[in-house]
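Subject: A structure to look through

Dear colleague,

I am handing over the structure that I have been reading, and my notes on it follow below. Please keep it open beside this message while you go through them.

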Amino acid sequence: MSGSCNRTLVLLLLVLVSSARVYDAVDDNEGDYPNWNEAEFVVDLEIEALENEGVLISEERIIKKKKTPADRTKKLLEEKRKEIEAKVGNFEQLSQFKNYAQSEESFDLFQWELLNRLVEKGESLDLSDDAVAWIYNDKDTLEALVTSGDIIENNWERALSVLSAIVKEDPDAKEGLKSKIAVAVALTFSVDVISTANKTAIDGIARYHNFAKWADQGILLEPFYNLNTFEMREVVHGNAQDDELVWARKNVTDDPKLKKFADPEKIGKAVFSMVKYTPGKPMGDKPPTLENMHIYGGVCGTFCKFGAGVTEAFGIPASPIGQPGHCAFTWLKVDDDGSKQWQLANKVRGWDKSTISKKVPHYTWKKAAPFLVLMWNVQQDPVSYRLSEKMRILTSIADQRFKFALIEDATTICTQNYDLYRTLDGHITTPQTIDKDAMHLKMVPTVEAHLNQTTEDIAYLKPATSSSPYGRNDVITRPGRFWFTDDTDTAWIEIDLEGTFSIEKVEIRWDKPSMGNLADYNISAEINGVFTKVRSKAEESKLDKRISSLEGWDGTTSKVRLEMRLTEDIKVCKHKGLNYTIGINEISVYGKEYRIRKIVSLSRPVKSNVGNKAENLVDGDSKTSWKSKVDPSWIEISFSGICVLEKVTIDWVKGIQGSQTVKYVVGGETYKETSGNFEEVDMTGLATTLRIELSGSKKFTIREISASGFCLSTQDILKMRVEQGVKDPRSTEGIFVIQDIWQVIDGINCDTCF
């Protein structure tokens, strides 16, 4: 009787399980549960019932049947990967990958990227939530979500939760300006944004509704309505509470003296008319609201928080910025003509000495503050940035043989996408499939632009040392700064150019009050490791009373040293309470990078249409030679990378034989050529291959072919591309990020890439 009851119970349980759309014990399907705890409970009953019947179920099968939300997301990731692999798995050419990345169906890549970010943290995607499913499948929304900067702690599940809550409450958040506000809030409030005033978390969904309302009311400054999602994050991320933002707008617009600051060109300057510098703790125990900062004043921390807060209140991107022992802030100034530029305000240092605030991050690859400007530049061309991101994502899914080719090509699309270089950082062990001819042809414009660049101040922001006891040596290469010393006999300052350069001219901007103390000076240059006097005061020409200009000199220079001799009758000058005898506002050194020339054909691979010891042509041995009795004949010498050739010498055994055509070939295409009867060809141009065609003689006998110039590695050219791609490479922030990316490029290790 009891056995019959047990069997009846089992059957009833199985019927219940079946009616709940739960798979049976031998079915591998997962089922479909909005509530996973309930699902696991039903599975537990099923397993227990079957075990009571004597059915053995392995632990592996039990684990397989008990799926968590994270498990299901992991399976979605695997399925999405298979979908993409089915589309790209048979590709054998870079153009096929690129065409796919440019197609509508490549939206799959951003879906995979979101799933991958969730899985990496053990988080889940709940597609049973209609709002989440819409986000996942809406192209514009998902692309904005995954390409508008990183998020703190990679809390993508929370970002999705915030965004889904917003679109449920406001369907208008699905498109247009309100969609940008919604996505910006979701990304920003994926972590708690803490109020400066009361140290509690600001309500992100309420912030969305408030900015959406203010936008509808038209009370924000005009540029707000054209911000992209990344820029919008720099508006909604502020630590001032929403009622403080209302106060800030009212106090600026209602005050006749402050109203002028309600302007996209001036709003970042309002703080200096609204807050007084007050040392100590002028607010006492009062909460540091924007209003209290205005009433009581404060020091740098008050200025940077108030300055950013009042700017954000008008819908203009802004943020506090950390500097050594100081707090500055940055804001996006928008001129009448629509041009935009990030300004550093309340600063004591430049971008290169600025850091990200832990409380108010900048969502820029988790890098230092100068990368804010780099990411902002990237976001100005979302089509190119998103295409480069798709190609980067492809490297995680496609055949690893194409990793380098995909990333290298992506750098031509969006040079400033920092993640491209990080993807290549480290050792690439898989042999790479690279169409080097095509890659070299793409690199030609980069090399040409580098060779044709105008002469610039190569001392700008370079390090310096000097005899001054006051330090501050590096200011000598920064415009608008001031170096000085209290030396009474001689003084010197030396600039390290951090490379080798040909020098065109030097300009020295002297400090006017101390010029009378200067008796004489010389300029020495480090050439091939040895300092040599190259110019003197007697050779100067005056651009005006304060600026001395001196012509350049021969040789390749790595350092420049100014040596000064003072007069016997010295007049002591004052600067901020310090005595000084000689001062300089700036030294500028104008020149171009110089690379050492050498015979680049020596021991390179060589071939000809006559299989007769072609290697003798590049062995550097005058006792060996190559002979041909075939008319016409040809010789090809392959170089390492792209070379800049300046001269080709043909060492004939018995004088010139016949006529020759000398061709510089890049990527299989002729870059430059000349024909005639040659022993020496002076021709500057680019080449990956040197081809010499011989004709008009019964025989040709040549000892050696020498091509002189210099060669550039793929890494060299990638660095050039970075320098040319950064919007303002001569700015402090531009130099900072360029040097950072160069270090990443130097770290790329790939035997089959270069």
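Predicted model: local features only at pLDDT ≥ 70, side-chain atom pairs only at ≥ 80, totals over all residues.

Buried here means under 20% relative accessible area, while over 50% is exposed and anything in between is partly exposed, with a 1.4 Å probe and protein chains only. In soluble globular proteins, nonpolar side chains tend to be buried together.

Residues are numbered from 1 along each chain as its sequence is written, and side-chain values use heavy atoms, with hydrogens and water left out. The average pLDDT (the predictor's confidence in each residue, from 0 to 100) is 90 for the chain, and 90% of the residues score at least 70. Over residues 1-39, however, the pLDDT is below 50, and this stretch has 43 contacts (heavy atoms within 4.5 Å) beyond near neighbours in sequence.

**Around Leu 145**

Leaving aside neighbours within four places in sequence, Leu 145 is in contact with Leu 114, Ile 135, Trp 156, Leu 160, Leu 163, Val 183 and Leu 187. Where α7 meets α8, Trp 134, Ile 135, Tyr 136 and Asn 137 in α7 are in contact with Lys 139, Thr 141, Leu 142 and Leu 145 in α8. (Helices are DSSP runs of H or I with at least four residues, strands are runs of E with at least two, and both are numbered from the N terminus.)

Most residues other than glycine have a negative phi, and most peptide bonds are trans. Asn 346, which is not a glycine, has a positive phi of about 55° and is found in the loop between β3 (340-345) and α17 (370-379). Trp 365 lies in the loop between β3 and α17, has a positive phi near 60°, and counts as buried at 4% relative accessibility. Finally, a cis peptide bond with omega of about 5° joins Asp 631 and Pro 632, and Pro 632 is found in the loop between β18 (626-628) and β19 (633-652).
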